[in-house]
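Work through the exercises below with the structure open beside you. Try each task before you read its solution.

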Amino acid sequence: VVRTGDACRIFAEQDKEDKVKLLEYRNKDEVHVYEMDGFYEYFYGYMVSRTSSINEFRVLNYPPGIILQTPEINKPGILQPYIPQKKLASVFTEAKRWAEMLRTPHLAALNDMVKQGQINDIIRVNEALHEKKIANIADICSRDIRLILISGPSSSGKTTFAQRLLIQLRVNGRNPVSISLDNYFINRDKTPRDENGDYDFESLDALNLELFNDHLGRLIRGEEVEIPVYNFKTGTSEPGGIFIRVPDGEPIIIEGIHGLNDRLTWSVPREQKFKIYVSALTQLNIDNTNRIPTTDSRLIRRIIRDNRTRGHNALNTIKRWPSVRRGEEKNIFPFQENADVIFNSSLVFELPVLKQYAEPLLMEITDQYPEYMEAKRLLKFLSYLCPVPGEDIPPNSILREFIGGSWFKD
């Protein structure tokens, strides 16, 4: 433990200006640093005391970088076989290119942009990159496609992406209809439970598959159906639904965590489907040696949205998060490489915006709860960020799905 000024001097001597700037923005008198053979490092999180404690790992050559493989958290002594994920790797390469274009490779650089009054330019360019990507996806959806299936883990912005894709398809002269799988949840008292006895909302069996497939077949045949409207606060479908019909030959957009699972749409031939995987693959690092886990960004998004739309506090959201993650490992990630295209919904400026919404919710969690340590960790992470007000976020932004004020209905 050293004084922050001393840490800045140490890192300046090692030509680590990214760490110097980061610590200058963090309003703390002291800082933890790690040292090994005269080399100093600042680490977000905790390190073991001896390198000999880390035995199970694998480093693989993966141009233009490397793959560092570690054991799964529930099997700490075993390295699983490596499965290449070329499409996912290409998205991370794209994210790195976007970060370089926006001149925001790490938090210190982003904080500089905020302090210099340049954040609105970052917002406009980053949103334009999203719009261009969505337009390109719409351009490759041919006339033979009847189902556009959108999947991704929790809080990826699938709903807003689906609506923006619908608009771009209309620009191309198409007339698609969008269906959310969220509206096909069964009543809460019938929802399956996980191994801990909690509701398993991520299970495919939490959906009314019989009703969904009936509606899907009728819509493809050109019939009108009544889509249910699910109320997440009451855990039941509303008495009245929404009547829709799909124009002849036009595509149906289906979004939800199971969108890429062929069990959901087994009756439709593969050549009539176009699969899109959406995830918030954070393109921002804390500094040059500390990355921001993509799961942290999604958890913060979910805490804010759950509180605003479902009345849940941060404690409940964090408590359920391990179950959500297990559901993703089971129901989503195995299908991601089967997607025809991957869309990265992360925005480089989102965490400074989310900061002001998340901090008050996380501070409500006291040390009497086991989730306190996770809340404290997230609060420490958010403390690195200079806040950015949300007023200048466009109403069609994916970020609006979480903070509110979206053009698209929640």
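I150 touches K158, F161, A162, L165, I253, I254, E255, G256, G259, I276 and V278, leaving aside residues up to four places away in sequence. Keep in mind that this is a predicted model.

**Exercise 1. Place I150 in the fold.**

Task: Find the element that holds I150, and decide whether I150 is buried or exposed.

Solution. 
- Step 1. Locate the residue. I150 is in strand β7, residues 147-151.
- Step 2. Check the accessibility. The relative accessible area of I150 is 0%. Buried means under 20%, so I150 is buried.
- Step 3. Look along the chain. I150 and I342 are 192 residues apart in sequence. Their C-alpha atoms are 9.7 Å apart in space.
- Step 4. Look at the contacts. Among the residues that I150 touches is F161. That residue returns in the next exercise.

**Exercise 2. Classify two aromatic pairs.**

Task: Work out how the rings of F161 and F343 are arranged, then those of Y199 and F201.

Solution. 
- Step 1. A pair of aromatic rings is described by the distance of the centres and the angle of the planes.
- Step 2. Count the pairs. The whole structure has 8 aromatic pairs.
- Step 3. Take F161 and F343. Their ring centres are 4.8 Å apart, and their planes meet at 35 degrees. Planes under 30 degrees apart count as stacked and those over 60 as edge-to-face. The pair of F161 and F343 is therefore tilted.
- Step 4. Take Y199 and F201. Their ring centres are 5.7 Å apart and their planes are at 40 degrees, so this pair is tilted.
- Step 5. Check accessibility. Y199 has 25% relative accessibility and counts as partly exposed. F201, at 21%, is partly exposed.
- Step 6. Widen the view. Y199 and F201 belong to one aromatic cluster with F185, Y230 and F232.

**Exercise 3. Describe a helix pair.**

Task: State how α3 and α5 pack, and which residues meet.

Solution. 
- Step 1. Helix α3 covers residues 86-101 and helix α5 covers residues 119-139. They pack at an angle of about 145 degrees, and their axes are 11 Å apart.
- Step 2. The crossing of α3 and α5 is right-handed.
- Step 3. List the residues. From α3 come E94, W98 and M101. From α5 come N126, L129, H130 and K133.
- Step 4. Sort them by type. The contact of α3 with α5 has 3 nonpolar, 2 polar and 2 charged residues.

**Exercise 4. Account for the cysteines.**

Task: How many disulfides does the structure hold, and what lies around C386?

Solution. 
- Step 1. Recall the bond. A disulfide is a covalent bond between the sulfur atoms of two cysteines.
- Step 2. Count. The structure holds 0 disulfides.
- Step 3. Check C386. The nearest cysteine sulfur is that of C8, 14 Å away. The cut-off for a disulfide is 2.5 Å. C386 is in no disulfide.
- Step 4. C386 is buried at 10% relative accessibility. C141 is buried too, with a relative accessible area of 8%.

**Exercise 5. Inspect the backbone.**

Task: Which residues are joined by a cis peptide bond, and what is the phi of D37 and of R103?

Solution. 
- Step 1. Find the cis bond. It joins P63 and P64, with omega about 5 degrees. P64 is in the loop between β5 and β6 (65-69).
- Step 2. Take D37. Its phi is positive, about 55 degrees, although D37 is not a glycine. D37 sits in the loop between β3 (34-36) and β4. With a relative accessible area of 79%, D37 is exposed.
- Step 3. Take R103. Its phi is near 60 degrees, a positive value in a residue other than glycine. R103 lies in the loop between α3 and α4 (107-115). R103 is exposed, at 53%.

Note on methods. Residues numbered from 1 in each chain as written. Predicted model: local features only at pLDDT ≥ 70, side-chain atom pairs only at ≥ 80, totals over all residues. Heavy atoms only, no water. Axes fitted to C-alpha atoms, helices over the stretch in contact; angles between N-to-C directions. Helix = DSSP H or I, 4+ residues; strand = E, 2+ residues; numbered from the N terminus. Left-handed = near helix turned anticlockwise from the far one by under 90°. Contact = heavy atoms within 4.5 Å. Nonpolar A, V, L, I, M, F, W, Y, C, P; charged D, E, K, R; others polar. Buried < 20%, exposed > 50% of the residue type's maximum accessible area, 1.4 Å probe, protein only. Phe/Tyr/Trp six-rings, centres within 6.5 Å; stacked < 30°, edge-to-face > 60°.
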